[in-house]
Structures are given as C-alpha cells and as structure tokens.
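This note is intended for a colleague meeting the structure for the first time.

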Amino acid sequence: MSDLIGNTPLLALPLKSTCARVLLKMESFNPTGTAKIRMAKQMIDDAEARGQLKPGGKIVESTSGNTGLGLAMIAAERGYEFTAVVDQHASKDKLYAMQAMGAKLHYVGEHDGLATADRDATAERIARECGAYWTEQHNNPANANAYTQLANELYDSLGNKIDYLIGAVGTGGSLCGTARALKSYLPQLQVVGVEPLGSIIFGEDEQHDYYQSGTGTPRGAEIGELIDYQLIDIAKKVSDKQAFETARYLAKHHGIFVGGSAGGVIYQALQLAQTLPENETMVVLVCDGGEKYIHTIFNDVWMKDKNLLDSSITRKLTQLLD
C-alpha cells in the first residue's frame with residue numbers, strides 16, 4: 001500500500017466572487033486517507049537507515065489518530081509491533097482502523113478531552129521500558145522532510161503560479177516541511193498557518209478547549225521543534241464552529257468530504273481569498289478526509305450536544321461558494 005503514497009489531486013473550489021483561485025490539495029487520496037502517511041513512512045525509513053529499527057522491532061508514538069494510522073500501516077507491511085498512545089479525544093473510527101491493522105492501543109486521560117502532554121510522557125516511558133523506537137513526531141526532522149515530495153508535486157503541477165500556501169499547524173511537519181521546500185522554488189511564497197482557537201502555537205488566548213483533531217497544541221503541551229515561525233508569514237486561529245460547519249457545508253452542498261481541521265483551514269482560505277486579486281492562486285493543504293468523523297462533526301446530535309451548530313456560518317459560506 002505504501003507504494004500508492006503521493007501524487008494526490010488538486011481540486012478548485014467554486015467561488016462566486018472575483019477573488020483569488022483556491023485549490024485544494026486532496027491528501028485524503030493517500031493510503032489511510034491522510035497526508036500523515038507520508039511522514040509515517042519517512043520516519044520509519046529514516047529509523048531503519050540509522051539502525052534505530054531492526055527486523056521485528058517495536059514502535060511507539062503518541063497520536064490523535066492520523067499519524068497512528070500511518071505507522072500502523074507501515075508496521076503491518078514491515079513486520080513491526082506498533083503501540084499507539086491515545087486519548088479519548090481521538091476519533092473512534094481512527095482507533096478501530098489502527099487496531100484492524102494490528103496496532104496496540106494504550107489509553108491515557110479521561111472523558112473526551114485532549115491529553116497531549118500525558119500521551120507524550122507515556123510514549124517516552126514505554127519506549128524506555130520496552131526498548132521500542134519512539135518516533136516522536138513533534139521533534140523528528142524526518143516528519144518535515146517527508147513533505148519535500150508534496151512540494152515537488154505542487155511545483156510540477158502549478159510551477160510559479162502559487163502565491164499562497166495555507167495549512168493547519170500541529171506538529172508543524174506538513175506545513176513547514178512543504179513551505180521550506182516550496183520556497184526554494186518560490187521565495188516570494190506567502191505561507192499561512194491555521195491553528196484552533198485555544199491552541200498556543202501563535203500565542204495564548206483565553207482558556208478555550210477545542211475538538212479539532214490532529215492540529216494545534218493545547219495548554220500544558222510542548223510546542224514541537226518542527227514549527228519554524230520564520231517560514232510562516234500569516235498566523236490565523238479558527239473556532240470549532242467555523243471549522244466544522246465548513247466541513248459539513250462542503251459535504252452537503254458540494255460532495256467534498258474533508259476532516260474538521262481541514263474545514264478550518266478552508267474557512268480561513270476563503271476569508272483571505274476575498275481580499276486577493278483573481279490572478280493569484282492559493283493552495284490549501286487538506287490533510288485528511290471526512291470519513292473518520294461520521295460519528296462526530298457529521299453527526300447532528302453530537303454537534304448539538306457540543307453546542308457547535310451555527311447557521312450564521314452556513315449563510316456566510318453560501319455567499320462565498322457557488
């Protein structure tokens with residue numbers, strides 16, 4: 001399956017007004033339905049090359065789901081034992097999929113909250129006690145290096161017709177890795193990072209929990225070394241309501257199925273596009289699809305229970321998209 005990684009398609013959003021072109025890089029077309037399979041493979045390739053992983057070895061990682069899916073698939077292909085340290089915040093569909101590919105799940109935290117710091121500390125302990133290789137995605141250079149190929153794909157498709165690159169910021173690997181490689185071709189490229197309201201990467205705001213998965217850094221967790229602030233020209237925050245209502249709107253009205261954090265990035269891309277001339281092009285990194293969130297953001301009962309429904313956002317999107 002790992003041979004199918006990459007060469008994902010670009011999809012143009014149908015915009016009503018005269019503004020910048022917005023192209024979605026649909027990373028959900030990768031195996032496991034996410035961009036993070038790229039870095040999962042690269043981290044294992046790198047560990048093997050360095051002699052940190054031997055045949056039959058053990059891998060451990062703290063994950064909210066998508067990295068774990070990638071590592072589970074690569075581990076299954078290559079005969080490694082993989083333990084995913086997860087919390088109750090993770091999508092149940094992601095957890096079941098990891099188990100289906102042979103991963104062992106180690107739970108930390110309570111209820112449905114994020115427990116990133118606890119996950120990381122537990123992964124480090126398991127690695128130390130069991131002799132496992134901790135991929136440590138937040139600080140692993142192989143994470144960011146994996147996205148050189150994604151940058152090459154964009155440049156091969158669009159050449160110098162890329163003015164803005166926008167993506168979610170979690171570990172920093174996908175956005176900063178892609179941006180670094182792409183800026184070697186396009187030094188004037190503007191890079192936009194998007195994090196959830198409540199995340200601390202671009203500074204702390206008032207206490208605010210968030211349900212967006214696989215993005216941001218909550219209070220109490222360490223900001224990863226891969227986040228290169230010098231590469232990020234514009235920093236944006238997005239609320240769960242804005243992110244999830246955008247994902248739901250795209251699915252219902254355009255048949256475009258994206259995950260929650262991708263919905264947040266697209267929401268901010270649409271706002272920015274309105275301020276730019278029509279001869280400019282923005283590429284949006286859509287890092288996963290919506291299939292893993294059927295029981296959460298695409299579930300009306302769950303959305304209502306979490307007080308996340310907001311019809312004013314839907315009306316705003318209707319004005320922007322055909």
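1. A pocket is here an open set of grid points with protein on both sides within 12 Å along at least five of seven lines, and its lining residues have an atom within 4 Å of a point. The model discussed is a predicted one.

2. The second largest pocket holds about 270 Å³ of space. Its lining consists of 18 residues, and those nearest the centre are Gly113, Leu114, Asp209, Tyr210 and Pro218. Sorted by class, this lining comprises seven nonpolar, seven polar and four charged residues.

3. The largest pocket has a volume of about 340 Å³. It is lined by 20 residues, of which His89, Ala90, Ser91, Thr296 and Trp302 are closest to the centre. Six residues of the lining of the largest pocket are nonpolar, nine are polar and five are charged.

4. Which helices each supply at least two residues of the lining of the largest pocket? They are helix H3, residues 92-100, and helix H9, residues 260-273.

5. Helix H9 also packs with helix H8 (residues 240-254): their axes come within 7 Å and cross at roughly 95 degrees. Because of this angle, H8 is roughly perpendicular to H9, the range for that term being 65 to 115 degrees.

6. On the H8 side, the contact is made by Gln242, Ala243, Phe244, Thr246, Ala247 and Leu250. H9 contributes Gly260, Gly263, Gly264, Ile266 and Tyr267. By class, the contact of H8 with H9 has six nonpolar and five polar residues, with no charged residues.

Notes: Residues numbered from 1 in each chain as written. Predicted model: local features only at pLDDT ≥ 70, side-chain atom pairs only at ≥ 80, totals over all residues. Heavy atoms only, no water. 1 Å grid on protein atoms, 1.4 Å probe; cavity = no way out; pocket = protein on both sides within 12 Å on 5 of 7 lines; lining within 4 Å. Points joined across faces, edges and corners; volume = space filled by probe spheres on them. Helix = DSSP H or I, 4+ residues; strand = E, 2+ residues; numbered from the N terminus. Nonpolar A, V, L, I, M, F, W, Y, C, P; charged D, E, K, R; others polar. Axes fitted to C-alpha atoms, helices over the stretch in contact; angles between N-to-C directions. Parallel < 35°, antiparallel > 145°, perpendicular 65-115°, else oblique. Contact = heavy atoms within 4.5 Å.
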